[in-house]
Structures are given as C-alpha cells and as structure tokens.
Amino acid sequence: MSAVPASFASLLRCAFVASLLALGACSDNDNTPIVADTSVNGSGTLNLTGGAADADYRLGPNDRTRIIVYGQPNLTGEFVLDGSGNLAFPLIGNVPANGMTPTELQRAIATKLDPDYLHNPSVSVEVASRRPFYVVGEVQKPGSYPYVTDMNVLNAIATAGGQTYRANMGRFYIKRQVDGQVVRVSATQESRLQPGDTVVVRERYF
C-alpha cells in the first residue's frame, strides 16, 4: 500500500517540473530571429564592429562624434547622430551617417562643403563616445549604460547592479541590429557586446 502514494508523489513531481518547463517555453513570445554568437572567432579575436578600431567602426544612432574642419572653428565641435542616424551639420544640414565609418563621414562632409562653402576643405572625424548598451530583465538596475570597449555580458550585468535571485545565469540573449534587422544572439557570460546592444537576462523557473 505504501508504494502507491510514493509513486503518485513522484508522478506529481514530474508533472510539476514539466509544467514549469512548458511555462518557460511559453513565456517567450518574442518572435525575433535567433542567431549564433560570432563575437569571437577561432583565434580569440573579435570579428564584430563592437571591438573594432574607430577607423572600422560603423556609426549609429546616439553616437557622439568629434568633427574638425581645419581653419574653421565655427564648423568644429561635437555632434550627435539622432535616432535615425542622421547628423545635423552647419551649412550642409543633415548627413545620413548611419552605417558610415568615420572616414566615410568625413568624406561625405567634405564633399558637401566643396565647392559651395569651402574650397578643398580638410575634415577630420573621430568617435567621441559610442552609443550606450542596455540591460533588461532580471538585474538590479535595468537601464542604459555607457559602452566600454571589450565589455562582455557578465560585465554588463555587473554594471547593472548584478543579477536578481531569479536570474538564469546560464543562458542569455543579446538583441542587436544586423544589416538593418533586429536579431537575438544566443549568448553566454563571455559573449562580447557591441554599442547599442540590449542584454536580456531571463528568469529561471526552477
């Protein structure tokens, strides 16, 4: 007689665990495509723009640039790309800078200035500060934070005050825009971030 209650209790435990797993699967209603993490290649070096030098960096919304037009103090200063990736520059108006490298942007500005405003202008563009990254989900202080070169997921979570007791620290998603499309990168604690990334720290269910 005693074997029946034990077996029934075991069945209940299995049903409970199964229901939790089903709940975890159903709770993710995000249909964003999932891609593999390619932030570190086989040699251990970055092959994404997040770790690239400024010369190869692709500008995006909320990046701050430092632009110098030599001999023209009124055209020299710091300029921020707006939410659409446009840069408002004196005399020439909006420049669609989203996706450009600093070198490409300085060429675009020089081309627009010459010949209507300046003859053969010398323009320099640097990245003053990269767009922030975001941390959401099971962390103490969700929000946006200044990007730091070579930051990984664990660093990002620490910057956001650390994980909550409900956090699933074994599996993460990084939301990232790639070629104009938002994807979810299946990440680990060591995955490297890019400017503008959103780290999603999910809840564990058991």
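Is Thr164 buried or exposed? Thr164 counts as buried, because its relative accessibility is 13% (buried means under 20% relative accessible area, exposed over 50%, partly exposed in between, with a 1.4 Å probe and protein chains only).

## Ground rules

This is a predicted model, where local features need pLDDT of at least 70 and side-chain atom pairs count only at pLDDT 80 or more, while totals for chains, interfaces and linings use all residues. Residues are numbered from 1 along each chain as its sequence is written, and side-chain values use heavy atoms, with hydrogens and water left out.

## The overall layout

The protein has three helices and 11 strands (DSSP runs numbered from the N terminus: helices are H or I with at least four residues, strands are E with at least two). Along the sequence, the pattern goes α-β-β-β-β-β-α-β-β-β-α-β-β-β.

Of the 206 residues, 33% are buried. The protein exposes about 11600 Å², with carbon and sulfur atoms supplying 53% of that (Shrake-Rupley areas with a 1.4 Å probe; for residues, only the protein chains shown count as cover). Take the contacts between residues at least 6 apart in sequence: 54% of them join residues at least 24 apart (contact means heavy atoms within 4.5 Å).

Leaving out residues up to four places away in sequence, Thr164 touches Glu138, Val139 and Gln140.

Arg176 belongs to strand S9 (residues 172-178). Arg176 counts as buried because its relative accessibility is 6%. Its side chain makes a polar contact with the side chain of Asp197 at 2.6 Å (a pair of N or O atoms within 3.5 Å; within protein, one must be able to donate a hydrogen and the other to accept it, and residues adjacent in sequence count only if both atoms are side-chain atoms).

Val125 is in strand S6 (residues 123-129) and is buried, at 8% relative accessible area. Beyond four places in sequence, its contacts include Thr65, Ile67, Leu105 and Pro102. Val125 and Pro102 are 23 residues apart in sequence, yet 5.4 Å apart C-alpha to C-alpha.

## The largest pocket

The largest pocket holds about 650 Å³ of space (the space filled by probe spheres set on grid points joined across faces, edges and corners). A pocket here is an open set of points on a 1 Å grid over the protein atoms alone, where a 1.4 Å probe fits, with protein on both sides within 12 Å along at least five of seven lines; lining residues have an atom within 4 Å of a point.

Its lining has 24 residues, with Asn98, Arg131, Gln177, Val178 and Pro195 nearest the centre. S9 contributes the most to this lining, with four residues.
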